[in-house]
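Welcome! Please take a moment to look over the sequence and the model shown here, and then we will walk through a few points together.

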Amino acid sequence: MADNLTSDVHDVVIIGSGPAGYTAAIYASRANLEPVMFTSSVQAGGELMNTTDVENFPGFPDGIMGPELMGHLEAQARKFGTDVQYEDVVEVDLQAEPKRITLANGSKHYARSVIIATGSQYRELGLPGESALTGKGVSWCATCDGFFFRDQPLAVVGGGDSAMEEALFLTKFASQVFVIHRRDELRASQIMADRALANEKISFIWDSAVEAIKGQDKVESLDIRNLKTGEVNTLDVNGVFIAIGSDPRTDLVKDALDIDATDGTIKVQEPSTATNIPGVFAAGDVVDGKYRQAITAAGMGAKAAIDVEDYLAANP
Ligand code: FAD
């Protein structure tokens, strides 16, 4: 970059506007770093924009709607001076000094440090009824939504560790949990499989796939095809938890940053949020293959902003 553009170099650019990105923005702007945040034009506010009641984010004893919570976080970040731009980042050069961020509109931005907070995309089944009934019985998060289904029959789709975790967690609330799996044995680790198989509230529907999620205003039943016999049966449940994996959004950075081979998350030097490139930090679900909660993402966002502050102080 030409020297005469040096004054345009930001201290920190934040990519992504979920709980991780906004919390990083609140901390960075209160530290006078004048952060610039690119939110995405498609899903500004992150995954909580797709949900209704959030009852487990501290500070809201009566719960709060997901979009309202994200509105609060954005207002708080703006109040302290974050420059929030509803733009998509399409390319980054993180090795360059300063680092270069290119937007979909073609403009280029430069920064001494970057926080990647691009989140993760839950895999969907791609079925009729799935998107219309999301938040009305279709869920990707037992920790978030299990509580709403006290004494009701539920289904979990998947056969890996996260599906077993979801099923076991849901037994605390549900009258019964049906695990629907495409194969006749689980992919989950032995210990998780043993726990689920031994739990008398969990029944397994093997060699089967969900074909449709049905219900008027909320989930009422599933059509389930036995993949060996072709037979289709109806299962009456009030909720279905989809646990077939999620894909951390690393497209922008996967050639530059170290990525975990097992779950596709960005590797950070824990307990910090530093990646393998100096000045590049990552926070939230894009680095988290396990907890994937708004509060854990927010916590990592706070850490990332503090790590940026330390990095900038050490590299004036
Ligand atoms: P995200 O919230 O995913 O935000 C990432 C943001 O980055 C998105 O806005 C995305 O568009 C943006 N982005 C990605 N790429 C780019 C790019 N190239 N340029 C610009 N922007 C980009 N958790 C709870 O704690 N409680 C709940 O009740 C709860 N309910 C949930 C309900 C649903 C339906 C879902 C799907 C999740 C729920 N979760 C809940 C989980 C919670 O939403 C996530 O753990 C949390 O949002 C992760 O935050 P994040 O900041 O890491 O990422």
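How do the residues of the shell around the ligand divide into nonpolar, polar and charged? In this predicted model, the shell holds 13 nonpolar residues, 15 polar ones and six charged ones. Let's look at that shell, and then at a residue called V9.

**Who surrounds the ligand**
- The ligand is surrounded by 34 residues, and the closest of them are A20, Q43, N56, D285 and A294.

- In S17, an N or O atom of the side chain is 3.4 Å from an oxygen atom of the ligand.
- P19 takes part through its backbone: an N or O atom there lies 3.2 Å from a ligand oxygen atom.
- For Q293, a polar atom of the side chain lies 3.2 Å from an oxygen atom of the ligand.

**How covered the ligand is**
- On its own, the ligand would expose 990 Å², and the protein buries 95% of that area.

**A look at V9**
- You can find V9 in strand β1, which covers residues 9–15.
- Is V9 buried or exposed? V9 counts as buried because its relative accessibility is 19%, and the cut-off for buried is under 20%.
- V9 and Y110 are 101 residues apart along the chain, yet their C-alpha atoms are separated by 4.8 Å.

Notes
Residues numbered from 1 in each chain as written. Predicted model: local features only at pLDDT ≥ 70, side-chain atom pairs only at ≥ 80, totals over all residues. Heavy atoms only, no water. Helix = DSSP H or I, 4+ residues; strand = E, 2+ residues; numbered from the N terminus. Buried < 20%, exposed > 50% of the residue type's maximum accessible area, 1.4 Å probe, protein only. Near = heavy atom within 4 Å. Polar contact = N/O pair within 3.5 Å; in protein donor to acceptor, adjacent residues only side chain to side chain. Areas by Shrake-Rupley, 256 points an atom, 1.4 Å probe, with all protein chains shown as cover. Nonpolar A, V, L, I, M, F, W, Y, C, P; charged D, E, K, R; others polar.
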